[in-house]
Amino acid sequence: MSLIDGQGRQFKSLRISLTSACNYACDYCVPEGTLLKASPEALSGEDLMRLVSLLHRVLGLSKLRLTGGEPLIAPNLKTVLRAIPELGIDTSVTTNAQFLSRHCQDIARAGLSGVNVSLDALDPEVFRVLAKSGDVGTVLQGIEDALALGLRVKVNTVPMRTKNRDQLAPLFDWCSQRGIELRFIELMRMGHLSNPAAFEADFISEAEIVDLLSEFGPATQQPREANSTSYSYLNERGKFGFISNESAPFCSDCDRLRLSSDGRIFGCISSTHNRDIRPALAMETADALAFIQEALGDTLKSKQPVRFSGEQTIMQIIGG
Ligand code: SAM
């Protein structure tokens, strides 16, 4: 079975959700009052990494990203980090950084190439209203500790008009002083935000943010690299980027595959279509590879042609 679709897309980059549980409940991710919990069928680190290694044998992966839920609260984190160097694949982690200070030594020791921190406000009150938990001072300390260990840190921010518009310029200021690239992730129409009124009330476009940051001097847009969901702007202070599902949809050359903490693969972040590949754990290697190859061909069909939006979304359990 061919693992290239009609648009020439292949799976080359794998997002691994270590747990579907999260210690935050951000407004863009879950409806008010929701807490994400661990799947009752969450896999051990050994089993999860056995599936990753089988996927790598079929696909020849070039990038891994550890994510969640919140990966730094996952019980299998240490086991997964220990297994990463042997795979020899460029790996990074996406985290809310509440526990980054505690884990950054292990992350550096595992040879991860970088840490992507989700940070939506510098003001402690705005931060807590949006995330419903956590402490911004601890997050900033986590970033400083990771930088001190030589880890490459990027910050991702989701702008929401009624929540953190006034935080966007201070965030750029803080990041540019430390040589950190800040990337804005345009609000996506997912889950509870598939409701047009809820989405429109909070959406802020890329153009509006570029205008907002013009106080730091004029910015020029840099070309987007193939298979990359983001591109950057450069001004006198530094670089800021965008992942703009609305202003510049990026599905057409998406190369991402997602593996949930309970062993299911998903071909698109806005589709709940998935295949359970746990049976491969009980098979001889040749059978396991054939089984996974077939499942991959099926999930490749769920990629969207140009842009996505999803009433049902898997972003919370395999985001970032
Ligand atoms: N807990 C980790 C973290 O905070 O980075 C990883 C998972 S979390 C779901 C990853 C990221 O997905 C969020 O920080 C946010 O950037 C993005 N995200 C979730 N829902 C979104 C939405 N509706 N629109 C835009 N980005 C969203």
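**Notes on the sheet and its helices**

1. Strand β4, residues 114-118, pairs with strand β5, residues 152-157. The two run in the parallel sense, and five bridges join them. This is a predicted model. Two of the bridge partners can be named. G114 has R152 as its partner in β5. N116 has K154 as its partner in β5.

2. Now the other neighbour of β5. Strand β6, residues 181-185, pairs with β5 in the parallel sense over four bridges. K154 stands opposite E181 in β6. K154 is also the bridge partner of N116. Strands of a sheet pair through backbone hydrogen bonds, in either a parallel or an antiparallel sense.

3. Where do these strands sit in the sheet order? The sheet is open and has twelve strands, in the order β7-β8-β9-β6-β5-β4-β3-β2-β1-β10-β11-β12. Its pairing is mixed. β7 (220-221) and β12 (274-276) stand at the edges. Each has a single partner strand, so one side of each is left without a neighbour in the sheet. Helix α5, residues 136-148, packs on the sheet and touches β4 and β5. The direction of α5 makes about 150° with that of β5.

4. Helix α5 also has a helix partner. Helix α3 (residues 100-109) packs with α5 at an angle of about 20°, and their axes are 8 Å apart. Angles under 35 degrees count as roughly parallel, which makes α3 roughly parallel to α5. The crossing of α3 and α5 is right-handed. On the α3 side, the contact uses L100, S101 and C104. On the α5 side, Q141, G142, I143, D145 and A146 take part. By class, the residues of this contact of α3 with α5 are four nonpolar, three polar and one charged.

5. Turn to helix α1, residues 45-59, and its packing with helix α2, residues 77-87. Their axes come within 9 Å and cross at roughly 25°. α1 and α2 are therefore roughly parallel to each other. α1 passes α2 in a right-handed crossing. From α1, the contact takes G45, E46, M49, V52, S53 and H56. From α2, it takes T79, V80, A83, I84 and L87. The contact of α1 with α2 counts six nonpolar, four polar and one charged residues.

6. Is α1 roughly parallel or roughly perpendicular to helix α10? Helix α10 covers residues 285-300. α1 and α10 pack at an angle of about 75°, with their axes 10 Å apart. That makes α1 roughly perpendicular to α10. R50, L54, L55, R57, V58 and L59 of α1 meet T285, A288, L289, I292, Q293 and L296 of α10. The residues of the contact of α1 with α10 split into eight nonpolar, two polar and two charged.

7. Last, the aromatic rings. How many aromatic pairs does the structure hold? There are ten aromatic pairs. One of them joins F172 and F216 and is edge-to-face. The centres lie 5.0 Å apart, with 70° between the planes. F172 lies in helix α7 (residues 168-177), whereas F216 lies in the loop between α9 (206-212) and β7. The pair therefore ties together parts that are 44 residues apart in sequence.

Note on methods: Residues are numbered from 1 along each chain as its sequence is written. This is a predicted model: local features need pLDDT of at least 70, side-chain atom pairs count only at pLDDT 80 or more; totals for chains, interfaces and linings use all residues. Side-chain values use heavy atoms; hydrogens and water are left out. Two strands pair if DSSP finds at least two bridges between them. Contact means heavy atoms within 4.5 Å. Axes are lines fitted to C-alpha atoms, for helices over the stretch in contact, and angles run from 0 to 180 degrees between N-to-C directions. Angles under 35 degrees count as roughly parallel, over 145 as roughly antiparallel, 65 to 115 as roughly perpendicular and the rest as oblique. A crossing is left-handed if the near helix is turned anticlockwise from the far one by less than a right angle, and right-handed if clockwise. Ala, Val, Leu, Ile, Met, Phe, Trp, Tyr, Cys and Pro count as nonpolar, Asp, Glu, Lys and Arg as charged, and the others, Gly among them, as polar. Rings of Phe, Tyr and Trp (its six-membered ring) pair if their centres lie within 6.5 Å; planes under 30 degrees apart count as stacked, over 60 as edge-to-face and the rest as tilted.
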